[in-house]
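Here is a briefing on DNA contacts, cavities and aromatic pairs. Please look over the sequence and the model before reading on.

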Number of protein chains: 2
Amino acid sequence: MRRHSLIAACARVLARDGAAGASVRLIAREAQISPGLIAHYFGGVDALIEATYAQIDQTVNAALTAAVTAAGPDPRARLDAFVTASFAPPIADGALLATWIAFWSMVGARADIARQHDRQYAAYRARLADLLGACGLPAPRQRLAAIGLAALVDGLWLELSLSPGCFGAAEASQIARAQIDRLIDCNAAAAGYLDDNPLSPPEIA
Amino acid sequence: MRRHSLIAACARVLARDGAAGASVRLIAREAQISPGLIAHYFGGVDALIEATYAQIDQTVNAALTAAVTAAGPDPRARLDAFVTASFAPPIADGALLATWIAFWSMVGARADIARQHDRQYAAYRARLADLLGACGLPAPRQRLAAIGLAALVDGLWLELSLSPGCFGAAEASQIARAQIDRLIDCNAAAAGYLDDNPLSPPEIA
DNA sequence: CCCGTTGTTGTACAGTCGTGCAACAAGCCA
DNA sequence: TGGCTTGTTGCACGACTGTACAACAACGGG
């Protein structure tokens, strides 16, 4: 209970002040408790940040699972829902991006954070590979396709959150779905998705 | 001269200790000078980091230009050289990633940094759009294609630098080139590029 | 009632942070 | 040689950092 409110406060501070501001005192003030308590519950600020990272990852996975489940049984619809949800709240969110960047900044310096990142990202890619396999992508192609699709979605998500004025969530989703078209069936008439006129296939209409 | 050696030292510290370790004293010790000097040359540590970012961006652009120029006149070869160079030194480098992440972490908090990021990324995308246009991609498709390709290359570069054990530079280049195939000519027999057997087009050979 | 456990506080400590400043070295021109 | 500019140093300052620890409140079982 207290642990949970401390994690939430840590996430808020990370979002507001970045990695540099994630100090014991700031987090404690945010959670309206005394600074000593975070040592009492987590043993140190590093463990709190680590727990916050795990919690954020869990939130993202829950949101993705909900979107995929709501999409019904059709494999392609599930994959589309996965990427579309990646560009909508609560995933495409400034606070979440700031938290994630704070973690990336620790990967280079701390081995335990690096290991946690590797684990989480491997699970993310495995999930994409499963969804791609359900759409009929042969097993030998799944690994590289999942790496590529994960990189595309991540890159779009990053830039979408970093400078929101350049392109929109609908366009990001459009780009990702066009790539999925090409991954699954290279001969699909999907080129129209990449025209600038959004949300309508111009060559057909 | 001294400015240059300070920028280099700042990049080394950023690479070794991450954004959190980029303190005046650490950078000064790395450059083997007194802490007061960095205030004398840059007025503050923020300006030094900003200058380091500009220098890194310049290095990246120079490396990309060199790769494209060395590729000769063929438009497709130039585009391939662009993405392949994105996954090789000096671009795919821990120091560069750490500096870049440090800057991303400031985008949310500082408006001038956000503007600098927007400018640099727009130039990057414009460059990709030009290369795509030279390969015959119609103008109305260039914008979204450039956004998607930039996101893919960025996502691959990020993960390649963040956890180098998962996939290699050759595989990243392979993935990116396969997407370019599909962007330029959707009917190209490019599916083989996404097989797991690296560096050879299995369906042909 | 007492006692031990648990939750919680506040503070003390040693360290690092960025910045400002007085002082010293060095060149350079008059 | 004198004086001025520039490069460079090292330290003092106040604010901040994470951790450790003694002390106080609350509470349930004996």
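A residue is near a molecule or strand if one of its heavy atoms lies within 4 Å of it. The model is predicted: local features need pLDDT of at least 70, side-chain atom pairs count only at pLDDT 80 or more, and totals for chains, interfaces and linings use all residues. Residues are numbered from 1 along each chain as its sequence is written, chains are lettered from A and ligands numbered from 1 in the order in which they are written, and side-chain values use heavy atoms, with hydrogens and water left out.

**DNA strand D**

- Around DNA strand D there are 14 residues, and Ser23(A), Val24(A), Arg25(A), Arg2(B) and Tyr41(B) come nearest.
- Arg25(A) places a polar side-chain atom 2.7 Å from a base nitrogen of DNA strand D.
- Arg2(B) has a polar side-chain atom 2.6 Å from a phosphate oxygen of DNA strand D.
- Ser34(B) uses a polar backbone atom, 3.0 Å from a phosphate oxygen of DNA strand D.
- Helices (H or I, at least four residues) and strands (E, at least two) are DSSP runs, numbered from the N terminus.
- Helices α2 (24–30) of chain A and α3 (35–42) of chain B each supply at least two residues of the surface near DNA strand D.
- The largest share, four residues, comes from α3(B).
- The surface near DNA strand D divides into six nonpolar, five polar and three charged residues.
- In these classes, Ala, Val, Leu, Ile, Met, Phe, Trp, Tyr, Cys and Pro count as nonpolar, Asp, Glu, Lys and Arg as charged, and the others, Gly among them, as polar.

**DNA strand C**

- DNA strand C is surrounded by 14 residues, the closest being Arg2(A), Tyr41(A), Ser23(B), Val24(B) and Arg25(B).
- Val24(B) has a backbone N or O atom 2.6 Å from a phosphate oxygen of DNA strand C.
- Ser23(B) brings a polar side-chain atom to 2.8 Å from a phosphate oxygen of DNA strand C.
- Ser34(A) has a polar backbone atom 3.0 Å from a phosphate oxygen of DNA strand C.
- Two or more residues of the surface near DNA strand C come from α3 (35–42) of chain A and from α2 (24–31) of chain B.
- Helix α3(A) gives the most, with four residues.

**Cavities**

- On a 1 Å grid over the protein atoms alone, a cavity is a set of points where a 1.4 Å probe fits but cannot get out; lining residues have an atom within 4 Å of a point.
- Grid points are joined across faces, edges and corners, and a volume is the space filled by probe spheres set on the points.
- There are three cavities of 30 Å³ or more.
- The largest cavity has a volume of about 270 Å³.
- Its lining has 17 residues, with Val60(A), Trp100(A), Tyr121(A), Tyr124(A) and Asp154(A) nearest the centre.
- Helices α4 (45–70), α6 (94–107), α7 (111–134) and α8 (139–162) of chain A give two or more residues to this lining.
- Helix α4(A) gives the most, with five residues.
- The lining of the largest cavity has 11 nonpolar, four polar and two charged residues.
- The second largest cavity has a volume of about 50 Å³.
- Gln179(A), Arg182(A), Leu183(A), Gln179(B), Arg182(B) and Leu183(B) line the second largest cavity.

**Aromatic pairs**

- Rings of Phe, Tyr and Trp (its six-membered ring) pair if their centres lie within 6.5 Å; planes under 30 degrees apart count as stacked, over 60 as edge-to-face and the rest as tilted.
- The whole structure has 11 aromatic pairs over all chains.
- Trp100(A) and Trp157(A) are edge-to-face because their ring centres are 6.3 Å apart and their planes are at 80°.
- Trp100(A) lies in helix α6 and Trp157(A) in helix α8 of chain A, 57 residues apart.
- Both Trp100(A) and Trp157(A) are buried (under 20% relative accessible area; exposed is over 50%, partly exposed in between; 1.4 Å probe, protein chains only).
- Trp100(B) and Trp157(B) also pair edge-to-face, 6.1 Å centre to centre with 75° between the planes.
- Tyr53(A), Trp100(A), Phe103(A) and Trp157(A) form one aromatic cluster.

Key. A polar contact is a pair of N or O atoms within 3.5 Å; within protein, one must be able to donate a hydrogen and the other to accept it, and residues adjacent in sequence count only if both atoms are side-chain atoms. On a 1 Å grid over the protein atoms alone, a cavity is a set of points where a 1.4 Å probe fits but cannot get out, and a pocket is an open set with protein on both sides within 12 Å along at least five of seven lines; lining residues have an atom within 4 Å of a point.
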